[in-house]
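Here is a briefing for a first look at a structure. Keep the sequence and the 3D view open while reading.

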Amino acid sequence: MDHHILTALPGGQRLPLMAPATPDPGQVAGAVAGYLALREFRARLYRCLTARSDALFELTDAILCADHAVTSLVQLSLVPEFRRGHGALYDALAAGDIDEEALAALLTGTLPQLIDGPEALAWVSGHDTIDYDLLERALAQVPAAQAAQVREACARWTRLRFAIDATPYPRPDAECSPGRGHVHHDACRCDSTRKTIPGWEYQFVAALGHLRTAWAALVDVERTTPATRTRQTARQVKNLLRRLQAAGNGGAGAPLVIMDAGYSAAALTAALAGHDVHLLIRLPSGSVFYGDPVTWPGKNGRPGKHGIAVTCHNEPGQANPEPDQSLILPDTPLYGTVRVSAWHQVHPLIHGDRGWFAENWEGDLPVLRGTVLRVIVEHLPDGRKPHKTMWLWHAGPGPLSLDELWRAYLARFDEEHAFKFAKGALGLTAAKVRTPGQADRWVRLVMAAFAQLLLARPLAADLRRPWETRPPDNRPLSPGRVRRGFANIRAQLGTPAHVAKPARPGPGRPKGPANRPAPRYPVPKKTSTTDKQSTQSRRSKVKT
């Protein structure tokens, strides 16, 4: 009997039965490898949870498998993946513990090479036109130091890129929460035009891809304060370099770390001098940098320290010396004509009695040489005229192309998209916990959840709503759509967490009037002296 014939039709008609398509062995092997990698990551994540590990791990699964945005902590106890009561949820955050170094090492060693998926790699292969074999043959007769700089500049498409930025954790009404301060927040409630709100602030390190998407791999986090931000940022960068080296994940060139204008370019350049890393920092308007002084034999008087000044003006037509290098890109899709100018080997004016240098530098002040870039675009992606000129500072082991630098800074905004998704869908700031230690654990659980979404991206099906459009073939699924199908993926993975043991209800609150009010921790108020100092610091030419 022919099994490929269908006979159950009226009139005795026979139609051929379509045999199922043979699966592609490459796709099957890739899916199996993806599931095994995600399972291994979850097992290693479980080992990073050193106390209340079962409850903490199931809480992470509840964040991923909930069919709604996380807006309440207790609501996660109703998700089927969390097999414990709501009391265990709060107990896990209060009495649990996470090995922060092991978790950061796991994220740093796993995620940076995954941020560029197949779509991004195909895009890179279409833009990377360097013949590396020919390059190596050409550099064979070049001095080693110069050849190293050329290789560093040509490592654009394999270089790891990271963004560092802080985001607030608002707790305006939590009078019993210690460690709160005034953190920047657009939804200001208490500080008028300065846009601050009582709460905590967390500074993240995120790996960025070459394709502009909503994906960014959060690999490290610290709770920061404005007074210690520069020192903590330098420590985060050094820890990042150490973990990348330990994981053998350094890439072909030195990594590029990108920051916005809230960070001191001079202090971070000095703090990270001697480390194999590129810094790209946006400069505030009014910053001034100087070239080397001009001298000649027989010149009288004290030797000069500073040459011609380069001022970061908002108006492109204001006076500045001729740039050392220029780049013009006509008719870019989003920004129109882009003009990039660069002044090489310039240095800032450093004051040893203020800022980071007053507390962290001994001896003669250094001369920190780098490159100042001016980026002028014809229009913004939405058609508006830019109201400011963008100035950037680059310092590192060697020069990089202007095209790589200005495009790399635009990649920093992928971290903003990651913050938006982590807050809006994963509930990064939704847990109304009391102590900063509990908030630290919750933030790291959200980071672990986001990391699993990145590993599950090639495994997820596109579960679109009827009104949603299909993503383009050259774009990956968004984090929200990957999360929508994560429950199906988890069913194939299992969980390393143990089933909750049956137990009787606890004794409850002890009898007697032993209940006392919790201590209050008022937020320090900003004095008028502080306001004057902040105004003067904003007017200073260079941030130190």
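A residue counts as buried when its relative accessible area is under 20%, as exposed when it is over 50%, and as partly exposed in between. The model is predicted. By that cut-off Trp356 is buried, because its relative accessible area is 13%. The points below cover rings, salt bridges, a helix, cysteines, backbone angles and a surface patch.

**Aromatic rings**

- The structure contains 14 aromatic pairs.
- One of them joins Trp356 and Phe357.
- Phe357 is buried, with a relative accessible area of 1%.
- Trp356 also pairs with Trp361. Here the centres are 6.4 Å apart and the planes stand at 50 degrees, so this pair is tilted.
- Trp361 is partly exposed, at a relative accessible area of 28%.
- Tyr169, Trp200 and Tyr202 belong to one aromatic cluster.

**Charges over rings**

- Arg412 sits over the face of Phe413, at 4.8 Å from the ring centre.
- Arg457 sits over the face of Trp215, at 5.0 Å from the ring centre.

**Salt bridges**

- A search of the whole structure gives 29 salt bridges.
- Glu152 and Arg159 form one of them, with an N to O distance of 2.6 Å. Both Glu152 and Arg159 are buried.
- Arg412, described above over a ring, also has a salt bridge with Asp165. The closest N and O atoms of Arg412 and Asp165 are 3.2 Å apart.
- What does the bridge between Arg412 and Asp165 tie together? Arg412 lies in the loop between helix 11 and helix 12 (413-424), while Asp165 lies in strand 5 (residues 161-170), so the pair ties together parts that are 247 residues apart in sequence.
- Arg412 and Asp165 are both buried.
- Arg484 and Glu468 form another bridge, at 2.9 Å from N to O. Arg484 is in helix 14 (residues 479-484), and Glu468 is in the loop between helix 13 (436-456) and helix 14. The two residues are 16 residues apart.
- Arg484 is partly exposed, with a relative accessible area of 28%. Glu468 is partly exposed too, with a relative accessible area of 22%.
- Arg484 and Glu468 belong to one network with Asp462, Arg464 and Arg481, joined by salt bridges that share partners.

**An enclosed helix**

- Is helix 11 (residues 402-411) largely enclosed or largely open? Nine of its ten residues are buried, so helix 11 is largely enclosed by the rest of the structure.
- The buried residues of helix 11 include Leu402, Trp406, Tyr409 and Leu410. Asp403 and Glu404 are among them as well.

**Cysteines**

- The structure has zero disulfides.
- A disulfide needs two cysteine sulfur atoms within 2.5 Å.
- Cys65 is buried, at 12% relative accessibility.
- Cys176 is buried as well, at 16% relative accessibility.

**Backbone angles**

- Most residues other than glycine have a negative phi.
- Arg52 has a positive phi, near 55 degrees. Arg52 is in the loop between strand 3 (49-51) and helix 2 (53-65).
- Arg52 is partly exposed, with a relative accessible area of 40%.
- Gln345 also has a positive phi, of about 55 degrees, although it is not a glycine. Gln345 is in strand 14 (residues 336-348).
- Gln345 counts as partly exposed, at 46% relative accessibility.

**A nonpolar surface patch**

- Val28, Val32 and Leu36 make up a nonpolar patch on the surface. Together they have about 250 Å² of accessible area.
- Leu36 is part of helix 1 (residues 25-48).
- An α-helix has 3.6 residues a turn, so residues three or four places apart point the same way.

Methods
Residues numbered from 1 in each chain as written. Predicted model: local features only at pLDDT ≥ 70, side-chain atom pairs only at ≥ 80, totals over all residues. Heavy atoms only, no water. Patch = residues over 30% accessible without salt bridge, like charges linked within 9 Å, V, L, I, M, F, W, Y side chains within 5 Å. Areas by Shrake-Rupley, 256 points an atom, 1.4 Å probe, with all protein chains shown as cover. Salt bridge = Lys/Arg side-chain N within 4 Å of Asp/Glu carboxyl O. Helix = DSSP H or I, 4+ residues; strand = E, 2+ residues; numbered from the N terminus. Phe/Tyr/Trp six-rings, centres within 6.5 Å; stacked < 30°, edge-to-face > 60°. Buried < 20%, exposed > 50% of the residue type's maximum accessible area, 1.4 Å probe, protein only. Lys NZ or Arg CZ within 6 Å of the ring centre and 35° of its normal.
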